[in-house]
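Here are a couple of exercises to work through with the model open. Try each one yourself before reading the solution.

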There are 2 protein chains.
Amino acid sequence: MSQTVDRALSILPLLAQGPADLGQVAERLGVHKSTALRLLRTLHEHGLVYRQQDQRYRLGARLFALAQEAVENLDIREIAHPHLVALNEEIGHTVHLAVYEEGEVLYIDKVESRYPVRMYSRIGKPVAITVAAVAKLLLADLPEPERRALAAKLDYPPYTPRSTPDAAAFLKELATVREQGWATDLGGHEESINCVGAPVRGADGRVAAAMSVSAPNVVVTAEELLTLLPLVRRTADAISRDYSGKDRT
Amino acid sequence: MSQTVDRALSILPLLAQGPADLGQVAERLGVHKSTALRLLRTLHEHGLVYRQQDQRYRLGARLFALAQEAVENLDIREIAHPHLVALNEEIGHTVHLAVYEEGEVLYIDKVESRYPVRMYSRIGKPVAITVAAVAKLLLADLPEPERRALAAKLDYPPYTPRSTPDAAAFLKELATVREQGWATDLGGHEESINCVGAPVRGADGRVAAAMSVSAPNVVVTAEELLTLLPLVRRTADAISRDYSGKDRT
DNA sequence: ATGGGTGTTGCAGTATGTGCAACACAGGAG
DNA sequence: CTCCTGTGTTGCACATACTGCAACACCCAT
């Protein structure tokens, strides 16, 4: 829509792959060096780009700061956090909160061990969308056509023998999840890790986020983990109530 | 330098504070709504901005992806990582790697517990620059005038009674660090946490990064932690050798 | 129905970004 | 030491592409 901005922003993913010098940037953008220079300068002023000693450019620190701030200000996250902590204190296992956004599933909070330590361990990383319990919950609620379209264009990496093999199996799984209102990942991503998850719903009844509890099966067998399901669902419902209660001003 | 891009980028920090609608964005930018709309659209196309159901804009997922990729591609980080893991395996405590960039200190890697789990727990967050061992190491190596200027404009929050109180004390501490070639943070940030750190130097001898080992003093007393210093320095030196050896193509 | 509040579109004018060409500066080769 | 090639940088004239306007579309509340 805006050519200048479009060009400037195209520089970011380009630099994400690794540092580049002015010439390279100009070439890959298909513009004159002087143009690239001015764009880079502007990005630099905003801290999105950094110039290292060898004069090459790479992504700058502000980017991290922005990403961080953005996560912290997600209202669902803010509302959910105390609930996650409470659940974690009760059962001790790792608790995740995730949202769906334009074809991706993102972890936006995580509580682990006994401390309320926030490790945004996987933020930005492609979540194992075809197997993670939270992903199933989020995708199961998409409108039919969108869900089909997405399922069709996904890859189905065989992380383990139990991973979802293809679109057909995935859609079937999603139907189940949709119906039962909760989801699991039993060794679908990593052989020894099981998860149980439940959806958080907004005022409109649609799934706004999903939470899950994960534990390695050396600590808890899958069956034992499933006994926690009522607790997980209760927590998710509590978050839903909080979330749909107050309107987000 | 480039007005259009400048305006577009100004939207990001604005949205980082929380979602905003078109009117608010336009007003805070001081431009017409239609202008703001086009800028937001462009940002949206690049995934930097996301539009929620209520039509308000907030920062988008791509931002996280970019930040993540950027961190993973930092060459120092890549080189240092195996060393950090090795050190961690030997001593068991948390190991951090940090760099300095335009007035800020950033953690770019962390190894904790026995697993090589990467938790970018603090990336983007303002590091406690006045007390952290890694910050001292990085700032101690700045050219004199820059160091003074920076020290003068910093805040000196009294996290604990042992925190660096003011610029004078900080500069003195930096001088010590510079001379001895290592640094500590003994309860300066959190009462019960101690750190020991050492610098990583590039081919030009300047400090390119800094690493530290942290442990709560319920586990290890400050004195015991200091006995690890030789090991820490050896690791830092090993990284320095690796780093200055190969030129970064 | 009616009104105020949004977000959206097409358009004309010109501010703004563009590419060029010349310059500055470095490092390497001879 | 000098030349030379490869960088990054600057000033400028041109016209592209961005801007603000005003009119429209839409939704919700009154």
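**Exercise 1.** Is B:Arg58 buried or exposed? Then find what its side chain pairs up with.

*Solution.* Keep in mind that this is a predicted model.

Step 1: B:Arg58 sits in strand 2 of chain B, which covers residues 57-59.

Step 2: check the accessibility. The relative accessible area of B:Arg58 is 12%, and buried means under 20%, so B:Arg58 counts as buried.

Step 3: look for polar partners. The B:Arg58 side chain makes a polar contact of 3.0 Å with the side chain of A:Glu101. Another polar contact, at 3.3 Å, links the side chains of B:Arg58 and B:Gln52.

Step 4: list the surroundings. Setting aside neighbours within four places in sequence, B:Arg58 touches A:Leu74 and A:Glu101 from chain A, plus B:Leu15, B:Pro19, B:Leu48, B:Val49, B:Tyr50 and B:Gln52 from chain B.

**Exercise 2.** Work out how helix 1 (residues 3-16) and helix 2 (residues 22-29) of chain A cross, and which residues make the contact.

*Solution.* Step 1: get the geometry. The two axes come within 10 Å and cross at roughly 120 degrees.

Step 1: name the arrangement. With that angle, helix 1 of chain A is oblique to helix 2 of chain A.

Step 2: assign the hand. The crossing of these two chain A helices is right-handed.

Step 3: pick out the contact. Helix 1 of chain A brings A:Arg7, A:Ser10, A:Ile11, A:Leu14 and A:Leu15, while helix 2 of chain A brings A:Val25, A:Arg28 and A:Leu29.

Step 4: sort by class. This contact comes out as five nonpolar, one polar and two charged residues.

Key: Residues numbered from 1 in each chain as written. Chains lettered and ligands numbered in written order. Predicted model: local features only at pLDDT ≥ 70, side-chain atom pairs only at ≥ 80, totals over all residues. Heavy atoms only, no water. Axes fitted to C-alpha atoms, helices over the stretch in contact; angles between N-to-C directions. Helix = DSSP H or I, 4+ residues; strand = E, 2+ residues; numbered from the N terminus. Parallel < 35°, antiparallel > 145°, perpendicular 65-115°, else oblique. Left-handed = near helix turned anticlockwise from the far one by under 90°. Contact = heavy atoms within 4.5 Å. Nonpolar A, V, L, I, M, F, W, Y, C, P; charged D, E, K, R; others polar. Buried < 20%, exposed > 50% of the residue type's maximum accessible area, 1.4 Å probe, protein only. Polar contact = N/O pair within 3.5 Å; in protein donor to acceptor, adjacent residues only side chain to side chain.
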